[in-house]
Amino acid sequence: MARFYSLDSRYRIYPIRGLLGYFHLLHDAARGEAVIVDTGMAGEMPRLARVIEQIGLGWRDVRAILLTHGHIDHTGHLAQIKQLTGAPLFAHPAEQPHINGTFAYRGASRVCGALEKFGRRLLRYRPACIDEPIHPGMELPYWGGLRVIHLPGHTHGHCGFYSSRFELLFSGDMFASYGLTTHLPPGFLNSCPEFFDASLEKVNKLSPRQKIPNHKF
């Protein structure tokens, strides 16, 4: 049986383990539907398919894909999942160049750009279009309600998704967690680090009881 976090009898979080971290399937049992937050990079599709089958859903019961940002380790299966589910992609419009592989990296983050370019070639990556542009404070009608929290720093359009019901923030790559330590992503992965301080202050004011990052080991 797939591992999950049960927040109450209705809402569950299924972490999907991949090569470089996790993405998450959020199950709403009462409505018989799910949403996916990010889509991993490589090798996760069999795990995702098993989870969907085990909880009694089909691909078309996935109602939306929520993207924290457009780096390849979050968009690797995006085109395939969109095709299987028919679900709309919700993302900040500033992330479309990242999804497309056309973002102009500068400074130290050019290392990130080079790694992504190599990954796209290796994985035969296919981009996808944003269907529903998101904006700060936008309320999404999934999983009991999720609010868009704009957290630039890692990328310009990086966003988290906040559940006020559970005081829980899906924080994308705002943070990385390794064992007992939590920190910002390495500098060469951040295309606009000058915004991190303001984003950290925003998270502190929000004061979620739980933060769920994509990279945790």
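**Spaces, cores and strands**

Reply: Start with the largest cavity: S3 and H2 each supply at least two residues of its lining. Helices (H or I, at least four residues) and strands (E, at least two) are DSSP runs, numbered from the N terminus. This is a predicted model: local features need pLDDT of at least 70 and side-chain atom pairs count only at 80 or more, while totals for chains, interfaces and linings use all residues. Residues are numbered from 1 along each chain as its sequence is written, and side-chain values use heavy atoms, without hydrogens and water.

Me: How many cavities of 30 Å³ or more does a search of the whole structure find?

Reply: Rolling a probe the size of a water molecule over the atoms shows where empty space is left. On a 1 Å grid over the protein atoms alone, a cavity is a set of points where a 1.4 Å probe fits but cannot get out; a pocket is an open set with protein on both sides within 12 Å along at least five of seven lines, and lining residues have an atom within 4 Å of a point. Here the search finds 1 cavity, with a volume of about 80 Å³. Its lining has 14 residues; Leu20, Gly21, Tyr22, Gly40 and Asp73 lie nearest its centre. They divide into 5 nonpolar, 6 polar and 3 charged.

Me: Which residues lie nearest the centre of the largest pocket?

Reply: Leu20, Asp73, Leu115, Leu189 and His215, out of 20 lining residues. The pocket holds about 400 Å³ of space. Helix H2 (72–75), helix H5 (110–123) and strand S12 (176–178) each give at least two residues to the lining, and H5 has the largest share, 4 residues. By class the lining has 13 nonpolar, 4 polar and 3 charged residues.

Me: What is the volume of the second largest pocket?

Reply: About 170 Å³. Among the residues that line it are Ala2, Arg3, Tyr22 and Gln54. S2 and H1 each give two or more residues to this lining, and the largest share, 4 residues, comes from H1.

Me: Which residues have the most contacts inside the largest nonpolar core?

Reply: A nonpolar core is a set of buried Ala, Val, Leu, Ile, Met, Phe, Trp, Tyr and Cys residues joined through side-chain atoms within 4.5 Å. Buried means under 20% relative accessible area (1.4 Å probe, protein chains only). The largest core has 27 residues, and Leu25, Ile36, Leu48, Leu89 and Ile99 have the most contacts inside it. H1 gives the most to this core, with 4 residues. A second, separate core of 21 residues includes Tyr11, Leu26, Phe161 and Ile212.

Me: Why is strand S11 called largely enclosed?

Reply: Because 5 of the 5 residues of S11 (168–172) are buried. In a regular strand the side chains alternate between the two faces of the sheet. In S11 both faces are covered: Leu168, Phe170 and Gly172 are buried on one side, and Leu169 and Ser171 on the other.

Me: In which sense do S10 and S11 pair?

Reply: Two strands pair if DSSP finds at least two bridges between them. S10 (159–163) and S11 pair in the antiparallel sense over 3 bridges, and Ser163 stands opposite Leu168. These two strands form a hairpin with 4 residues between them, where Glu167 in the turn has a positive phi of about 50°. S11 also pairs with S14 (210–213), in the parallel sense over 4 bridges; there the bridge partner of Leu168 is Gln210.

How values were computed. Buried means under 20% relative accessible area, exposed over 50%, partly exposed in between (1.4 Å probe, protein chains only). Grid points are joined across faces, edges and corners, and a volume is the space filled by probe spheres set on the points. Ala, Val, Leu, Ile, Met, Phe, Trp, Tyr, Cys and Pro count as nonpolar, Asp, Glu, Lys and Arg as charged, and the others, Gly among them, as polar.
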